[in-house]
Amino acid sequence: MTLILEIKNVTKVYGKGENKVVAVDSVTLGIKRQEMLLIMGPSGSGKTTLLSIMGCILHPTSGDVIVDGERVNDLSEDELPDIRKRYFGFVFQSFNLFQSLSAAENVELVLRLKNSANPRQRHSWTGKDFRREALQLIETVGLKKRADFYPADMSGGEKQRVAFARALAGDPPIILADEPTANLDSKTGQEVLRLLMTLSEEYQKAVVIVSHDPKAEALAHKVIFLEDGRIVRS
Ligand SMILES: Nc1ncnc2c1ncn2[C@@H]1O[C@H](COP(=O)(O)OP(=O)(O)O)[C@@H](O)[C@H]1O
Ligand SMILES: [Mg+2]
């Protein structure tokens, strides 16, 4: 099977002169659909920088980023948001939900945003269609009964599930998750990791997760270990 996401010899340098930091140093890797890649490593080893480059949020200083066979380095800043919306769903440690929107509304908002980026489908969607799809995604992550709850009335694990439902909006082939279990207790964290595994297998997503959780190691298909921006073990 072909790689949905590939990075080749990617380096990221922050700052200049004395303040220069090589955050990611000559990293090469690839991931297929239905694969779960785990990135581990101590704090400051370059995990978030690497994930941001993989998700086309950050430009590498050198090296190639190839999404679905297309080299994205050459694309302009104007073109990158479309690539992000079509190919990636993001999940962060801090959930990043809109407090004034219910669980379903949080998902609906992203569906509407992504809809405008996808030329292939859904231009005829009405409010009802967005609502139906949002509820479907909320159900996928096991939160049917919480659809109309606001973030303030949900547990950490529930909020992270909403974040996953939102990442699934628009059916992107790649899910990137940066320490998604860091703010959760160990049992809830494990449930969230299992959910990620399900997404990768049942919904054929390529999943890249940054985590310190040893339980994530058991679930992942591939593990890379970063130190000072380099892959020291894989
Ligand atoms: N925006 C930035 N500007 C300057 N240095 C940064 C920036 N972001 C991260 N760094 C540095 O790059 C290195 C890697 O950071 P990061 O990717 O956040 O690592 P991790 O996620 O593994 O903790 C660290 O030394 C960090 O201080
Ligand atoms: Mg980080």
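Predicted model: local features only at pLDDT ≥ 70, side-chain atom pairs only at ≥ 80, totals over all residues.
Me: What makes a residue part of the shell around ligand 1, and which residues surround ligand 1?

Reply: A residue counts as near the ligand if its C-beta atom, placed from the backbone, lies within 6 Å of it, and ligand 1 is surrounded by Tyr14, Gly15, Val21, Ala23, Gly41, Ser43, Gly44, Ser45, Gly46, Lys47, Thr48 and Thr49. Strand E2 (21-31) and helix H1 (47-54) are the elements that give two or more residues to this shell, and H1 gives the most, with three residues.

Me: How do you know which class of residue the shell around ligand 1 has, and how many of each?

Reply: Gly is counted among the polar residues, whereas Tyr, Val and Ala count as nonpolar and Lys as charged, and by class the shell around ligand 1 has three nonpolar, eight polar and one charged residues.

Me: Why is H1 called largely enclosed by the rest of the structure?

Reply: A residue is buried if 20 or more other C-beta atoms lie within 10 Å of its own, and seven of the eight residues of H1 are buried, so this helix is largely enclosed by the rest of the structure. The buried residues of H1 are Lys47, Thr48, Thr49, Leu50, Leu51, Ile53 and Met54. Just after H1, cysteine 56 takes a positive phi of about 60 degrees.

Me: How do you know that E1 and E2 pair, and in which sense?

Reply: Two strands pair if at least two bridges are found between them, and strand E1 (residues 5-14) and E2 have seven bridges, in the antiparallel sense; the bridge partner of leucine 5, for example, is isoleucine 31 in E2. The hairpin of E1 and E2 has six residues between the strands, and in this hairpin glycine 15 takes a positive phi near 70 degrees.

Me: What makes E6 and E10 edges of their sheet?

Reply: Six strands form an open sheet of mixed pairing, in the order E6-E7-E8-E3-E9-E10. Strand E6 (88-91) and strand E10 (230-233) each have a single partner strand, so one side of each is left without a neighbour in the sheet. From one strand to the next, the twist averages 25 degrees.

Me: Which sense does the pairing of E6 and E7 take, and what packs on the sheet?

Reply: E6 and strand E7 (residues 174-178) pair in the parallel sense over four bridges, with glycine 89 standing opposite isoleucine 175 in E7. Helix H6 (residues 186-202) packs on the sheet, where it touches strand E3 (36-40), E7 and strand E8 (206-210), and the direction of H6 makes about 155 degrees with that of E8.

Methods. Residues numbered from 1 in each chain as written. Chains lettered and ligands numbered in written order. Buried ≥ 20, exposed ≤ 12 C-beta atoms within 10 Å, placed from the backbone. Axes fitted to C-alpha atoms, helices over the stretch in contact; angles between N-to-C directions. Contact = placed C-beta atoms within 7 Å.
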